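Reader: I am new to this structure and would be grateful for a close look at its salt bridges. Please set them within the chain as a whole.

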Amino acid sequence: MRAIRRFTVRTVLPTPLAALGELASNLRWSWHPPTRDLFAGLDPARWDAVRHDPIALLGALPPERLEELAADAGTVSAVEAAAADLHRYLSEPRWYQGLDDAPASIAYFSPEFGITTVLPQYSGGLGILAGDHLKAASDLGVPIVGVGLLYKAGYFEQSFSRDGWQTETYPVQDPDDLPLALLREADGAPALISVQLPGGRTLDAHVWRADVGRVPLLLLDSDVPSNDEAAAGVTDRLYGGGGEHRLQQEMLLGIGGVRALRLWSRLSGAPDPAVHHMNEGHAGFLGLERIRELIDAGLSFDEAAEGVRASTVFTTHTPVPAGIDRFGRDQVQRFLGESGVLGAVPMERVLALGAEDYPGGEATVFNMAVMGLRLAQRANGVSQLHGHVSRGMFSGLWPGFDEEETPITSITNGVHAPTWVDRRVGDLLREAGGGDDVSDQAAAAPRVAPSALWAARRQMREQLVLDARRRVRASWLRRGATSAELGWVDDVLDPDVLTIGFARRVPTYKRLTLMLRDPQRLKALLTHPTRPVQLVIAGKSHPADDSGKRLLQKMVQFADEHDVRHRIVVLPNYDIGMAQILYPGCDVWLNNPLRPLEASGTSGMKAALNGCLNLSILDGWWDEWFDGENGWAIPTADGVDDPDRRDELEAAALYDLVETQVAPRFYDRDEDGLPGRWLEMVGHTLHTLAPKVQATRMVSQYVQELYQPAARSGEQLAASSWSGARDLAQWKQRVRAAWPGVRVDHVDSSGLGDVAEVGEVLCVSAYVSLGDLSPQDVDVQVVHGRVTEADELVDTAQQSLDVAEAYEDGRYQFAGEVVLRRTGPFGYTVRVLPRHDGAAGPAHTALVTNA
């Protein structure tokens, strides 16, 4: 029989234990070991049975057990102490509270957030990064409000068929079973936000709040009674649909997300955000909704766009155009135009924001990342190399500027150490004199006794082996095997064998099967008589990506072979819970993407924080922080155009490294049985990498380099009833109209001898026609640097020239001096740029006139 109605019955906690409800509902427990210990101590067997979910544990405890615990003075005292500690954490001043001129609220929009397995609203790296961003912001006291969607079935649960093909299931989640609270009006009714759809339809959504430490995370849920069936299904799955389904999800995230923020401020009294951060282009429509608000307040489109742009930050995470959401212009016209969701916002201006109107672009496409960049005064990639790739990928938006001047900076990703570091590592570092702060712990790494470090590493490896055996057994039973067939699983993996981990999403460019390029050579490494290697592999392919599924199937089928299945496992359903055992248990973390297609690759950071050495292509974060002693760099076959030949060369390099360097160093033991040189590398990794890979470092950079400047720009333009935005918009219109009349007529130089020497002074005079503009509207620069054989300037610097003389008809002489400070081929040119105090950089208007 099937139930005709379903609801959740909540536990009523005895008064002495009432604080357990607050401790369970604030997700700080997910990165705070003492709170987890408290819950585990209530009933260890049930704690394991509910997979370490505090909400589920409280629901599973019978009333008599709760009464027994409430009568125990020690338990009550521990609960009170934990609650007092949480209150201190939530209220005490932290790093951010010591800053001057810091915004009172920052909104962070992302399509997914990976906080904990208990709240499965993530698919991979983008969501995990977003979750770590919120946790680090909470630890630093940064007043962020997260905005996302609540997916009824999350991403998907992965399993394998008998022949190794990935299969997906979508278990439905009841929000009442999750650590969430529904936003309600004063009368107790569920609060609603609405987004208009074509045909007079409306997409309504409830707003749920998750408490991520000090950070509220607002999740919009379309599964509400007032929606028709199609609208109710908008938030059915994460990345589950394409086309119009995805477009409606992104409308709800961006447009609905801004409306949810306004609802949150009204109900809670929280200030409206001073900065809005788009974590990828999925949230780009938030800029259009904010423009609509300002137009409704009396601004023109251009004025509103300037006001929005000044206080918006955009982060791009993909180094490949295929990773960007693109919709048909006709779809956008119908859903945003015909629906009336944007009110008086002119649709032709909306379409222009997402237009690929640059060489190589498609005229019929609306590009969400392009719109995000055009609506954000500040943008960044997620590693130094990725910033370089992004500047090249989006350079068409700023024609006339060199790649390094494209206004996309870099803030390298980081990871939230308290979430990902095994407690044994933290305990070791504290015992060696490190404090609770990561920098203090890193400084203590050289003082850790090698024997203690090796013992901890073996314990973590053994924990991984036992967990992997459990997962392999469960996977085979689901694939149709019987228990009688699975005796061999007890011998899968060995806690004393060099363990290499590889876990990530499975798009083609990450090259899951590169290690299978020469199966016989891989088998030789796995079954070496004295230096064996074992592999632990995990990862999900997108349900619609059959090429990725075929790669997974190939790997699963190899791992099924009788002669290697004790040395290689492919674990299904990679998630946070698995990762927290996998990273500490591996000795080496493998990453072999096609360079430079890995934007950052934070899994290797999490592994490094646990003393795992990286073995990686020089891509993403590894490209900037590999130092020769914290792991190994796999040589790349750059310049080889044949992809098969490139894979062959790089696979051979990978085999060579494992065979001749990695495995020998792991198995080279001293008289005490310790691999001294290996442990030196582990200690060096903990000492040097730990401070760099922190999410707190990342978030503090966002605050100082992007959030604070964006807040200042937004405040400047909003002052005096948006007079700053009006002034900037009018100035831009005037400059754009007059720019065709700007030209560099002539350039003179003097001051150098027959042979230029370091220290000499080059005097430059530029004669410039400005037409209807004045010298105050422009910046005339001499750009100088090293010059190539093709007369291209590289390694350039810029120096502004001053007005020296004015002539008739809008002509001026600008002059200045350049001191020659380096030897070698030298060149220079002159250019004219628009200049305004409200602009964030030289490419702000995308206008430039070169000599």
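Author: The account below begins with the chain and then turns to the salt bridges.

This is a predicted model, in which local features need pLDDT of at least 70 and side-chain atom pairs count only at pLDDT 80 or more, while totals for chains, interfaces and linings use all residues. Residues are numbered from 1 along each chain as its sequence is written, and side-chain values use heavy atoms, with hydrogens and water left out.

The protein chain has 27 helices and 30 strands; these are DSSP runs numbered from the N terminus, helices being H or I with at least four residues and strands E with at least two. The radius of gyration of the protein chain is 29 Å, close to the 29 Å that the globule rule gives for 851 residues, so the chain is as compact as a globular protein of that length. That radius is taken over C-alpha atoms, and the globule rule is 2.2 Å times the number of residues to the power 0.38. Along the principal axes, the C-alpha atoms fill a box of roughly 95 × 70 × 50 Å. Of the 851 residues, 56% are buried, where buried means under 20% relative accessible area, exposed means over 50%, and partly exposed lies in between (1.4 Å probe, protein chains only).

Side chains of opposite charge can pair when their charged atoms come close. A salt bridge is counted when a side-chain nitrogen of Lys or Arg is within 4 Å of a carboxyl oxygen of Asp or Glu. By this rule the count comes to 55 salt bridges.

One of these joins the side chains of Arg 162 and Glu 485, at 3.8 Å from N to O. This pair links distant parts of the chain, 323 residues apart: Arg 162 is in the loop between strand S5 (157-160) and strand S6 (166-169), and Glu 485 is in the loop between helix H19 (450-478) and strand S17 (498-503). Arg 162 is partly exposed, at 45% relative accessibility, and Glu 485 is also partly exposed, with a relative accessible area of 39%.

Helix H11 takes part in two further examples. In one, Arg 349 forms a salt bridge with Asp 302, and the closest N and O atoms are 2.5 Å apart. Asp 302 belongs to helix H11 (residues 301-310) and Arg 349 to helix H13 (residues 347-353), 47 residues apart. Arg 349 counts as partly exposed at 31% relative accessibility, and Asp 302 is partly exposed with a relative accessible area of 23%.

In the other, Glu 303 pairs with Arg 726, the closest N and O atoms being 3.7 Å apart. Glu 303 is buried, with a relative accessible area of 11%, whereas Arg 726 is partly exposed at 27%.

Salt bridges also form a network, which links Arg 511, Asp 638, Arg 646, Asp 647 and Glu 650.

Contacts across the sequence can also be described by C-alpha positions. Asp 53 lies in the loop between helix H3 (44-49) and helix H4 (54-60) and is buried, with a relative accessible area of 11%. Asp 53 and Val 118 are 65 residues apart in sequence, and their C-alpha atoms are 6.2 Å apart in space.
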